[in-house]
Structure formats: C-alpha cells, structure tokens
Amino acid sequence: MLAVVIAIAIAGGVVVIGTNFATIQQTKDDIVTPEVATSFDGDAIVVLGASVFADGTPSGILQDRLDDGIELYFAGAAPKIIMSGDNSTVSYNEVKAMKDYAISRGVPSEDIFCDHAGFSTYESMYRAKHVFGAKRIIVATQTYHLYRALYAAHGLGLEAIGVPSDYHTYDRQPLYDLREIPARTKDFFKVLFEVPSTFVGDPISLEQSGDITEGEEELQNVEALDAEVQETDVLDAPAQDS
C-alpha cells in the first residue's frame, strides 16, 4: 500500500513538473516589451482581473495590470481593451472598477469592453475568442501569470503575446508563485480538452462600442451563475495583494 501511495505521489509530481515546464517553455518567447507589442497589430488588449477594494478601487496588483494595458492602448498596440474579471455577484464587480479606472486615465469609454464572466484565466482567454471574436490579443498581467494566460490563449487558437506589468513587488508574491504551480497544471488539461467557459452567451463584436457590455442584461446573466461560481477552483481566486 505504501508503495502504491509513493508511486502515485511520484506520478503526480512528474505531471505537475512536466506541465509547468511545458507551459513556461512554450510561452516565454511570447512575453515581450511594450515596444515590440506596438507592432503586433492586435485586435484587443486583454487586462486580466484581480481583487478590488470595498470602495471600488483596484488593488495594487490590478492597478499595475491596468496601467500596463492603458500604456499599450495609447501606444497603438490595439484599438480596444477587454477588461476581463469577476462580476459574479451584485456586490463584487472587478470589471466596473477596471473600466472606471481606465476612463479616469483618458481611455474612451467606447473602446473598453467589459467581460463580466472572466472568472478564471482560462475563461478570460476562452471568452476573448469565442465571445468577443478576437484573433490576435495582447495580454496585460504580471510575468508569473503570463505563462499560463498565453498557454491557454495559444491552445485555444489565439495569436497572443504578453507584456509584463511588473511595476512593483507584492507582499504576497511567494503565495502567488506557489499557487501558479497547480494552476498551470489545471489549465494545461483544460486546454487539452478545450473545456468551455462557465458562461458563454451571445457574440459581442469588437467593431461596436464597448459601452454595450455595460448593460443590465449581461450583468443579470452573470448573476444567475452565482451559485455555480462559488464552487470555482480556488486557484483562480482574486489576488488580494495591495
């Protein structure tokens, strides 16, 4: 019995190490500088959500992602921004905080699309393709997170590069790094089996105004999934660093 347990533990370790190695190796060359990204001719910049404070302001880790995406927008890397985050309940809305912040920095409201059902990294990539119809995206998040996001994007058939938003150090970075290890393995297999996102909904064209994604209908659809989302893997819980 002990031998079986040891064998299972070894096999599990090999799977985790192997999937992490593959994820990083296959995406590291697609993490680029802002200067390189400006010539990518992307359809959209995808800013990945993280926690927001009770007053609706972005946490430090999210603000860095937003600043990254906003810089890319004004540099001409892509004409639209998709704010992809968690709005699974009335009381918690990452994407509204993200859009409000970008508008306060001068980004036109009509160029900002709200992905209310970006409940996980994989789902943000899935919806970028299957809901928003993007083919070429630039992902804005921290380096440790970019490997997984880009692996998912490529596996789903998107042409994608990432620009790191490593503007600061974070008190909980060791926790984020540790959490990414099983999260990469989880998303590796989601990509392998092309698992649909929790919520898909009707297609949303990036050719129209992003303000259409602020409608009550979209929010109500997401709220209906509240009970299901509460069971979402904790590996994709919002980052709480300030």
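Predicted model: local features only at pLDDT ≥ 70, side-chain atom pairs only at ≥ 80, totals over all residues.
Which helix gives the most to the nonpolar patch? Helix α7, residues 173-193, does, with three residues.

**View 1. A nonpolar patch on the surface is formed by V15, F189, L192, F193 and V195.** Together these residues have about 450 Å² of accessible area. Helix α7 is the main contributor, giving three residues to the patch.

**View 2. V195, a member of the nonpolar patch, sits in a loop.** The loop runs between α7 and α8, and α8 spans residues 216-223. V195 has 32% relative accessibility, so V195 counts as partly exposed. The limits for that class are 20% and 50%.

**View 3. H130 lies in helix α5 and is partly exposed.** Helix α5 covers residues 121-130. The relative accessibility of H130 is 37%, which means that H130 falls in the partly exposed class. H130 and V200 are 70 residues apart in sequence. In space, their C-alpha atoms are 7.5 Å apart.

**View 4. Helices α5 and α6 cross at roughly 40°.** Two packed helices are described by the angle and the distance between their axes. Here the axes of α5 and α6 come within 9 Å. Helix α6 comprises residues 143-155. The crossing of α5 and α6 is right-handed. Helix α5 is also the helix that holds H130.

Key: Residues numbered from 1 in each chain as written. Heavy atoms only, no water. Patch = residues over 30% accessible without salt bridge, like charges linked within 9 Å, V, L, I, M, F, W, Y side chains within 5 Å. Areas by Shrake-Rupley, 256 points an atom, 1.4 Å probe, with all protein chains shown as cover. Salt bridge = Lys/Arg side-chain N within 4 Å of Asp/Glu carboxyl O. Helix = DSSP H or I, 4+ residues; strand = E, 2+ residues; numbered from the N terminus. Buried < 20%, exposed > 50% of the residue type's maximum accessible area, 1.4 Å probe, protein only. Axes fitted to C-alpha atoms, helices over the stretch in contact; angles between N-to-C directions. Left-handed = near helix turned anticlockwise from the far one by under 90°.
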